[in-house]
Amino acid sequence: MIRTLIIEDEPAIRKEIEWLLQQETQFNLIGYATSVAESLVLIKATNPELILMDIQLTDGTAFDILDQLDEIPFRIIFITAYNHFAVKAIKFGALDYLLKPLDDAEFKAALAKIATNDETNITQQKQQISILKSQSGSGESNLDSRIVLHTLEFLQVLQLREIIYCQSEGGYTNFFLTEGRRIMISKPLKFYDELLPEKWFLRPHQSYLVNVLYVDKFLKSGTIVLKDKTEIPVSGRRKDYILQHINHIE
């Protein structure tokens, strides 16, 4: 059984998590904490394999806990009240998370993912947490910000400036990167349209996202030409939006 801790300072949420965990035979609840100080003592005493961790606690944050641990040899599922920047930061790091109020089906799916893949790559997890921390603190992303792309085989850490454009392929997204690299991700383009900062990424067509850093020119006939000569179509209803955006590129 997977040794599990709950770090949550809202009694109602904590009790709900406890109840949901009781429905899962592969998970064993070994304790809970409600503060940063309690959490540090409990983690060191129990050596958990999984922690369901609220990001915001009464005396600090989940990061205050993680920063004080020499190692993080356990899986983490973050729990957060809905907040645009917090959720966006978590998605940038490709980390597992649950939104409050908890959805039973999403909770079950998150645990199933843990149960079927309990091999933790600590280096990757540290990178993901680092990205989450930087995104949470900055509020707005810039082209030096990092993002994790989660493929079936690996996690790819990139700076936003390495993304030239994205192309939709059914429910998948192809990332065309600098140095001729290409990665396919099993998420739709809509996910990345909402995630990537609009200041830097244009949506000229339902099938494309384009990094303005690589735009060479806009043909008024309805095409964006990139610096590598790639031509990206612009839908008729998006021409004014594209013109306005390009005219305001800093």
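Which residues does Ile 163 touch, not counting those up to four places away in sequence? Ile 163 touches Ile 147, Leu 158, Phe 175, Phe 176, Leu 177, Phe 201, Asn 211 and Tyr 214, a contact being heavy atoms within 4.5 Å. The model discussed here is predicted, so local features need pLDDT of at least 70 and side-chain atom pairs count only at pLDDT 80 or more, while totals for chains, interfaces and linings use all residues. Residues are numbered from 1 along each chain as its sequence is written, and side-chain values use heavy atoms, with hydrogens and water left out.

Buried means under 20% relative accessible area, exposed over 50%, and partly exposed in between (1.4 Å probe, protein chains only).

The overall picture comes next. The protein chain holds eight helices and 17 strands; these are DSSP runs numbered from the N terminus, with helices (H or I) of at least four residues and strands (E) of at least two. Along the principal axes, the C-alpha atoms fill a box of roughly 65 × 35 × 30 Å. Of the 250 residues in the chain, 50% are buried. Among contacts with a separation of 6 or more, 54% join residues 24 or more positions apart. The accessible surface amounts to about 12800 Å², and carbon and sulfur atoms account for 48% of that area, as given by the Shrake-Rupley method with a 1.4 Å probe.

Leaving aside residues up to four places away in sequence, Phe 27 touches Met 1, Ile 2, Thr 4, Leu 21, Leu 50, Leu 111, Ile 114 and Ala 115.

Now for the open space. Rolling a probe the size of a water molecule over the atoms shows where empty space is left. On a 1 Å grid over the protein atoms alone, a pocket is an open set of points where a 1.4 Å probe fits, with protein on both sides within 12 Å along at least five of seven lines, and lining residues have an atom within 4 Å of a point. The second largest pocket has a volume of about 390 Å³, that is, the space filled by probe spheres set on the points, which are joined across faces, edges and corners. Its lining has 20 residues, and Leu 95, Asp 96, Tyr 97, Lys 113 and Lys 187 lie nearest the centre. At least two lining residues come from each of helix H4 (84-92), strand E7 (97-100), helix H5 (104-116), strand E8 (146-150) and helix H7 (189-195). H5 gives the most, with four residues. By type, the lining divides into 14 nonpolar, one polar and five charged residues, where Ala, Val, Leu, Ile, Met, Phe, Trp, Tyr, Cys and Pro count as nonpolar, Asp, Glu, Lys and Arg as charged, and the others, Gly among them, as polar.

Helix H4 deserves a word of its own. Its buried residues are Ala 86, Val 87, Lys 88, Ala 89, Ile 90 and Phe 92. Phe 85, also found in H4, is partly exposed, with a relative accessible area of 45%. H4 is followed by Ala 94, whose phi is positive, near 55°.

Further backbone details are found in loops. Most residues other than glycine have a negative phi, and most peptide bonds are trans. Asn 47 has a positive phi near 50° and lies in the loop between helix H2 (36-46) and strand E3 (50-54); Asn 47 counts as exposed because its relative accessibility is 57%. Lys 229 has a positive phi near 80°, sits in the loop between strand E16 (223-226) and strand E17 (231-233), and is exposed at 62% relative accessibility. The peptide bond from Lys 100 to Pro 101 is cis, with omega near -5°, and Pro 101 is placed in the loop between E7 and H5.
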